Amino acid sequence: MRWSGQELGVDQAGTLPGLARLNNLVRSVQTPDFAGITFHEVLAKSALNHVPGPSSMPFSWTVNPYRGCSHACVYCLDPETIITMSDGREKALRTIEVGDEVLGTRVEGRYRRYTPAKVLAKWPTRKPAYRVTLADGTTVIASGDHRFLTERGWKHVTGAMNGPGQRPYLTTGNSLMGFGRAGIRPEISIDSDRYATGYLAGMIRGDGLLFARTYTRPSGTPNNVFQFRLALADTEALVRTRAYLERFGITTKSFEFAPASTTRRPMSAIRTARRADHESISRLISWPQDPCDEWAAGYLGGIFDAEGSCSRGILRISNKDETILGAIEGALRRFAVPFIREKANSIGVANIRLTGGLPSRSAFFSIAQPAITRKLALVGSAIKSNADLRVVSIERLPGERELLDITTSTGDFIANGVVSHNCFARPTHTYLDLDAGDDFDRQIIVKVNVAEVLAGELAKRTWRHEPVALGTNTDPYQRAEGRYRLMPGIIDALASSGTPFSVLTKGSLLRRDLPLLVDAAQQVPVDLAMSIAVYDDELQQSIEPGTPSTKARLATVTAVREAGLDCTVFLMPILPYLTDTRAHLDEALRQVKAAGATSVVYSALHLRGGVKPWFMQWLDREHPELVTKYRSMYYGQNAYAPKEYRKWLAARVAPLLRAHGLARGQEDPATGGVRSAGLADAAARRSAERTQFAAAPDVLF
């Protein structure tokens, strides 16, 4: 590999701002093998990375010598795209800020559900754009790289079946996941006077007390009494009502209306007893002769806050006053929101119920913009919808456009009512003050001093010598390691400090460091694992071109064993109908045993998130006769092989493991098996969860 770079320690023209400010740039390196990419060698401040959140694996620490990725895509949307927030409200993408909480998704059992997601990064770019139009009228403007969740997994807006641009992409007939954002929704501002008067009409007519009476005093003189009172358990609606009244010169006093009890929440209230206020409120809530869109939207927001409910996804507004019910129906028709009126109950109260499911509910909230947050929540709901979200056209727009995107803690968000993907790793670049957009793809950070920094961290008195896993995120013996030689120093630092560690790799470059690993194993527990999934040469080259051959990896296992170290083989995933035959498994385990492996970790194929479309595209191209069978096994959002299949596979593999003397092997617990003991086995399982069929289309395992 031919590399070129500047002299160490010399200031460089065009230095990236973040690196220059940090004063840790050593040099920038380019190579013809990575056209358009610059490797920036930096002096890192830290080396150990703590695994966030709870983990079932017996390690909490990793070491990652690199930041950035040459396979990353730029996922971008039009700045006016509407983003659904975690509280159910909406904001334009251009107004979203880092730290905001939007609506993302999570997989829970057989379903994908809505969940809160924090915005971690936001960046602009300028690219060609496409308009994606769905059958229900929803449109989204996005870059060709952007991905949306379909019934067949994640798909880019554009792509190709083969060649350099090969990747899963949208075609007409694909159905997106979400609830859509069909129809033309008027620009409604809750700050306008017309919305405010509509809201007051709905709220006060629905739940307020407004009366004027004349009493005769004992002396015989008349006494005129005027009163307005509004008591609510939800302070958001009370605050909004009070603010609107103040806008029109009506001052109210607040007071505690009712304390909390075992069956009800506390209630607060506002009131005024001035005649002028009474007369002003009466004028404000009078029925307009010709209501405009803003008044109608405000009225729906007010009457929903006063008399509405949204239970189990069903939105209802209740009242017994025919005039109020008629005004609700008129406003819903104005905005083409479907509904029915249910039969009145024994005391004359009727419900107006929205029909059309989540799409109608979303349209109502977008237009009416009620104040009470708890009634808007989508969090926890399954992503199911009766909206027709089939792609009907993908249109290239002229020229280039300014586009925006965000990164969230869940890796996705809801854009114009459909589930939209983003790159989870981009915030690692913003940590170094680099751009999370184009820089992430083309400016790769190499921590050339990672070994020295690691040694310093491991020498601290607070270090508890917990296991450290290498290879759980990126392969430590990837191609660039041949030039940078970072692993020898890392191995020495771990061993010298008395820290146990594991290494999981596909790379035969591991053999270079075997003497170091042997020495390290004399000081600390060292677990090594080699990932070898396919034992048919033609199939292996078809499904994972660009990786070392099975023969080369088995030879590496032999070299590890000849050096006196144990080596686990990562027989994951086993592919249904392709590598699960008795003959294939028997031959695989024979070769593994012949290579000297001490144990095997195995599991059936699992297809998570964006992994599924890559594999299904390959399967459709290479083995179309199996597509139907795989879809029946990995249906919908299901990521794992059926339990019955896993039991069948365990019954097939167990006697073969015993026969070849590899009976320690256990099925991956992620697919229902039992946990193995070794650190490398655990690293293998964690890597399978994170990287199986990961980003690059030319390296599927």
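Okay, let's start with a pair of arginines: Arg-316 sits opposite Arg-353 of strand β21. Before going on, some ground rules: this is a predicted model, where local features need pLDDT of at least 70 and side-chain atom pairs count only at pLDDT 80 or more, while totals for chains, interfaces and linings use all residues. Residues are numbered from 1 along each chain as its sequence is written, and side-chain values use heavy atoms, with hydrogens and water left out.

When I say helix or strand, I mean DSSP runs numbered from the N terminus: helices are H or I with at least four residues, strands are E with at least two. Two strands pair if DSSP finds at least two bridges between them.

So, back to the arginines. Strand β19, residues 314–319, is joined to β21, residues 350–354, by four bridges, and the two run antiparallel. β19 is also joined to β18 by four bridges, again antiparallel, and there Arg-316 is the bridge partner of Ser-309. β18 and β19 make a hairpin with two residues between them, and Arg-312 in that turn has a positive phi of about 55°.

Which order do the strands take in this sheet? Reading across, you get β18-β19-β21-β20, an open sheet of four strands with antiparallel pairing. At the edges are β18 (308–311) and β20 (339–341), each pairing on one side only. From one strand to the next, the twist averages 25°. For angles here, axes are lines fitted to C-alpha atoms, for helices over the stretch in contact, and the angles run from 0 to 180 degrees between N-to-C directions.

Helix α5, residues 293–307, packs on this sheet and touches β18 and β19, with its direction at about 85° to that of β19. Touching, or contact, means heavy atoms within 4.5 Å.

On to helix pairs. Two packed helices are described by the angle between their axes and the distance between the axes. α5 packs with helix α7, residues 357–368, at an angle of about 110°, with the axes 8 Å apart. That makes α5 roughly perpendicular to α7; the scale is under 35 degrees for roughly parallel, over 145 for roughly antiparallel, 65 to 115 for roughly perpendicular, and oblique for the rest. On the α5 side you have Ala-297, Leu-300, Gly-301 and Phe-304, meeting Phe-364, Phe-365, Ile-367 and Ala-368 in α7. By class, that contact has seven nonpolar residues, one polar and no charged. The classes go like this: Ala, Val, Leu, Ile, Met, Phe, Trp, Tyr, Cys and Pro are nonpolar, Asp, Glu, Lys and Arg are charged, and the others, Gly among them, are polar.

Now another pair, α16 (residues 582–595) and α19 (residues 643–659). They pack at about 35°, axes 10 Å apart. Arg-582, Leu-585, Asp-586 and Leu-589 of α16 meet Leu-649, Arg-652, Val-653, Leu-656 and Leu-657 of α19. By class, this contact has six nonpolar, no polar and three charged residues.

Next, the buried parts. Buried means under 20% relative accessible area, exposed is over 50%, and partly exposed is in between, with a 1.4 Å probe and protein chains only. Just after α12, Gly-498 takes a positive phi of about 80°.

Strand β27, residues 501–505, has five of its five residues buried. Phe-501, Val-503 and Thr-505 point one way, Ser-502 and Leu-504 the other. β27 pairs in the parallel sense with β26 (residues 468–470) over three bridges, and with β28 (residues 526–531), also parallel, over five bridges. Val-503 is the bridge partner of Leu-470 and stands opposite Leu-528 in β28.

Thr-84 is buried, with a relative accessible area of 3%. Leaving out residues up to four places away in sequence, Thr-84 touches Arg-89, Val-102, Leu-103, Phe-179, Leu-378 and Ile-414.

And the whole chain? Its secondary structure comes to 20 helices and 31 strands, and buried residues make up 52% of its 701 residues.
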